[in-house]
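Student: I am new to this structure. Could you pick a single part and take me through it closely?

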Amino acid sequence: MNTTVQLHPSLPAFSRIVYGAWRMNDGAGSTPAQALEKIELCLDQGITTFDHADIYGNYSCEQLFGDALRLKPALKSRMQLVSKCDIMLLSDKFPERRVKYYDTSAAHIEASVDSSLRKLGVERLDVLLIHRPDPFMDAAETGDCLDRLVQAGKIGAAGVSNFKAWDWSLLQSFMKTPLVTQQLEISLLERAVFLDGTLAQCQQNKVHPMAWSPLAGGQLFGQSAAALRVQPALERLAKAFGVAPDAVAVAWLLAHPAGILPVMGTNHPARIRALSDAWRVKMDRETWFELWTLAAGQEVP
Ligand SMILES: NC(=O)c1ccc[n+]([C@@H]2O[C@H](COP(=O)([O-])OP(=O)(O)OC[C@H]3O[C@@H](n4cnc5c(N)ncnc54)[C@H](OP(=O)(O)O)[C@@H]3O)[C@@H](O)[C@H]2O)c1
């Protein structure tokens with residue numbers, strides 16, 4: 001199995017395992033030097049693709065990541081950057097907002113991309129995702145804006161996140177450039193997209209999906225009934241492969257024929273260091289279904 005993937009011929013190769021920056025500034029926060037340490041731990045093990053959004057860390061994570069890169073600008077040439085926009089968060093940074101909403105207008109997308117580029121300190125995002133489907137989207141305006149950003153070189157390509165198949169088709173029908181990925185919630189505890197047509201559409205379009213919260217945001221190691229059913233099998237397999245149980249859960253995603261890119265969110269240096277262990281787990285079909293069955297709490301029909 002390849003540890004890199006080509007989302008589109010015009011883009012650099014992405015690492016199959018992606019590191020997500022959502023939690024990077026959580027807790028007591030992080031200094032640029034601490035963020036740099038996490039970035040380098042990823043790069044050292046071939047995790048070269050980083051996932052951002054304008055809103056992460058209450059609009060702080062892109063700046064933190066960019067400040068880390070300002071300490072070592074040479075790293076920029078070794079990584080691929082993804083960011084997102086359209087969620088308008090209620091935030092002390094925007095006191096005038098009355099409600100959380102989505103904005104897929106050209107004016108907002110353009111302003112958000114410029115802000116992401118400025119904060120990250122780069123001239124181009126490899127991929128920009130529309131973060132959530134916007135029920136007020138003017139697909140002609142949004143599609144044209146994304147095409148123009150590609151043509152202007154500010155983004156390598158566009159993609160979407162959390163879209164249903166019909167949302168994808170609508171936006172793509174108004175675009176000249178191809179949507180190159182769809183970022184979805186996928187884990188042993190969140191399996192809806194395997195059956196609702198979303199992953200089927202990705203495969204039909206030869207599009208590699210990304211999986212956000214691949215460990216269900218840590219809930220896979222919590223106390224829910226489903227988590228408790230899965231944990232003994234993860235532990236058994238982990239022992240057999242000489243890895244931690246989370247690597248088995250990631251291998252479950254990597255094994256799927258859709259070519260899923262798990263977007264990992266741990267902030268813990270020891271866990272970051274072990275992210276690429278998932279490659280050591282060879283998951284056969286029956287084991288894949290064994291984990292599915294335990295998570296679902298019933299055998300497949
Ligand atoms: N497109 C979207 O709508 C969307 C939505 C959410 C997230 N995302 C992207 O997906 C990325 C990953 O999301 P995520 O952070 O929820 O992913 P995740 O990898 O499923 O969860 C990470 C969380 O699980 C905990 N964890 C990991 N291993 C653990 C273990 N063995 N035992 C107990 N806890 C464990 C981590 O804690 P420690 O830090 O202590 O390890 C962290 O809090 C984000 O950074 C973001 O880039 C996208």
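Tutor: Gladly! Let's begin with a word we will need: contact means heavy atoms within 4.5 Å. Helices are DSSP runs of H or I with at least four residues, strands are runs of E with at least two, and both are numbered from the N terminus. The model is predicted, so local features need pLDDT of at least 70 and side-chain atom pairs count only at pLDDT 80 or more, while totals for chains, interfaces and linings use all residues. Residues are numbered from 1 along each chain as its sequence is written, and side-chain values use heavy atoms, leaving out hydrogens and water.

Our part is helix H12, which spans 285-296. One partner is helix H9, residues 225-241. The axes of H9 and H12 lie 7 Å apart, at an angle of about 155 degrees (axes are lines fitted to C-alpha atoms, for helices over the stretch in contact, and angles run from 0 to 180 degrees between N-to-C directions). Because of that angle, H9 is roughly antiparallel to H12, a label for angles over 145 degrees.

Which residues of H12 meet H9? They are Thr-287, Glu-290, Leu-291, Leu-294, Ala-295 and Ala-296. From H9 come Ala-226, Arg-229, Val-230, Ala-233, Leu-234, Arg-236 and Leu-237. Sorted by class, nine residues of this contact are nonpolar, one is polar and three are charged (nonpolar covers Ala, Val, Leu, Ile, Met, Phe, Trp, Tyr, Cys and Pro; charged covers Asp, Glu, Lys and Arg; the others, Gly among them, are polar).

A pocket is an open set of points on a 1 Å grid over the protein atoms alone, where a 1.4 Å probe fits and protein lies on both sides within 12 Å along at least five of seven lines; lining residues have an atom within 4 Å of a point.

In total, 27 residues line the second largest pocket, and His-256, Pro-257, Trp-288, Phe-289 and Trp-292 lie nearest its centre. Besides H12, helices H7 (192-195), H8 (198-204) and H10 each supply at least two lining residues. The lining has 19 nonpolar, three polar and five charged residues.

H10 (245-254) also supplies residues to the lining of the largest pocket, where H10 gives the most, with three.

How values were computed: Angles under 35 degrees count as roughly parallel, over 145 as roughly antiparallel, 65 to 115 as roughly perpendicular and the rest as oblique.
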